[in-house]
Amino acid sequence: MEYTDLFRCFGSPSTTAEHRIYIYVETPENLKSAKEISYRDHSAAQNIAEMEKYIELLKLYRIELARRYSQLETMSYKDTLYLERIPHWIGNIEYVIRIERVMEDGTKTEPFRETFPGKERHKAFARFDELRKQHPGIEAVKDIERRPWEH
């Protein structure tokens, strides 16, 4: 049994999964025959076995999560500071400052993001310069040119 069994959907591997367990029970006082009682007992035993299987798989999954956390915390990375001019379809302009972190294995995260409305363009530029000074040696990219399709 491996934690990857959690990510099998109709036999095919997947990157995400959702599992639901449905349990149908009746009060023992409602059961009228030995056959019904035997059936409900067998059903309860199957439900218990299924839940125990999931408990074991989730324990293995937690171990793998801890391993991945350890990898991410010790992996080398490269940060890039971006200032981007984002035109919106209704005519508004936004300036977005973000730091993109690219891990050794190609994983990308965004540990920092700030947005400024177009009227606060000067504040966005000042904040970009401030962050560049706070992070010496960081690669800085400005993408503030008007797009060809803009008037």
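Me: Which residue in S4 is the bridge partner of Pro87?
Reply: In this predicted model, strand S3 covers residues 77-87 and strand S4 covers residues 93-103, and the two run antiparallel with 11 bridges joining them. Pro87 has its bridge partner in S4, and that partner is Ile93.

Me: Which residues does Glu150 touch, not counting residues up to four places away in sequence?
Reply: Glu150 is found in the segment after strand S6, which spans 139-143. Although Glu150 and Trp89 are 61 residues apart in sequence, their C-alpha atoms are 9.8 Å apart in space. Leaving out residues up to four places away in sequence, the residues that Glu150 touches are Arg85, Pro87 and Ile93.

Me: Does Glu150 count as buried or exposed?
Reply: A residue is called buried when its relative accessible area is under 20%. The relative accessibility of Glu150 is 16%, and therefore Glu150 counts as buried.

Me: How far apart are the end C-alpha atoms of helix H1?
Reply: Helix H1 runs over residues 34-74 and has 41 residues, so at 1.5 Å a residue it should span 60 Å. The distance found between its end C-alpha atoms agrees with that expectation, at 60 Å.

Me: Which parts does the pair of Tyr95 and Phe125 tie together?
Reply: Tyr95 and Phe125 form an edge-to-face aromatic pair, with 5.9 Å from centre to centre and 90° between the planes. The two residues are 30 residues apart in sequence, so their pair ties together strand S4, where Tyr95 lies, and helix H2 (residues 121-134), where Phe125 lies. Both Tyr95 and Phe125 are buried. The parts tied together are therefore strand S4 and helix H2.

Me: Which residue lies over the face of Phe125?
Reply: The ring of Phe125 also has a residue over its face, at 5.1 Å from the ring centre. That residue is Lys142.

Me: Which residues form one aromatic cluster?
Reply: The structure holds 4 aromatic pairs. One of them is the edge-to-face pair of Tyr3 and Phe7, with 6.3 Å from centre to centre and 85° between the planes. Tyr3 is partly exposed at a relative accessible area of 26%, whereas Phe7 is buried at 18%. The cluster is formed by Tyr3, Phe7 and Tyr61.

Definitions and conventions
Residues are numbered from 1 along each chain as its sequence is written. This is a predicted model: local features need pLDDT of at least 70, side-chain atom pairs count only at pLDDT 80 or more; totals for chains, interfaces and linings use all residues. Side-chain values use heavy atoms; hydrogens and water are left out. Helices (H or I, at least four residues) and strands (E, at least two) are DSSP runs, numbered from the N terminus. Buried means under 20% relative accessible area, exposed over 50%, partly exposed in between (1.4 Å probe, protein chains only). Contact means heavy atoms within 4.5 Å. Two strands pair if DSSP finds at least two bridges between them. The expected span of a helix is 1.5 Å times one less than its number of residues. Rings of Phe, Tyr and Trp (its six-membered ring) pair if their centres lie within 6.5 Å; planes under 30 degrees apart count as stacked, over 60 as edge-to-face and the rest as tilted. A charge sits over a ring if NZ of Lys or CZ of Arg is within 6 Å of the ring centre and within 35 degrees of the ring normal.
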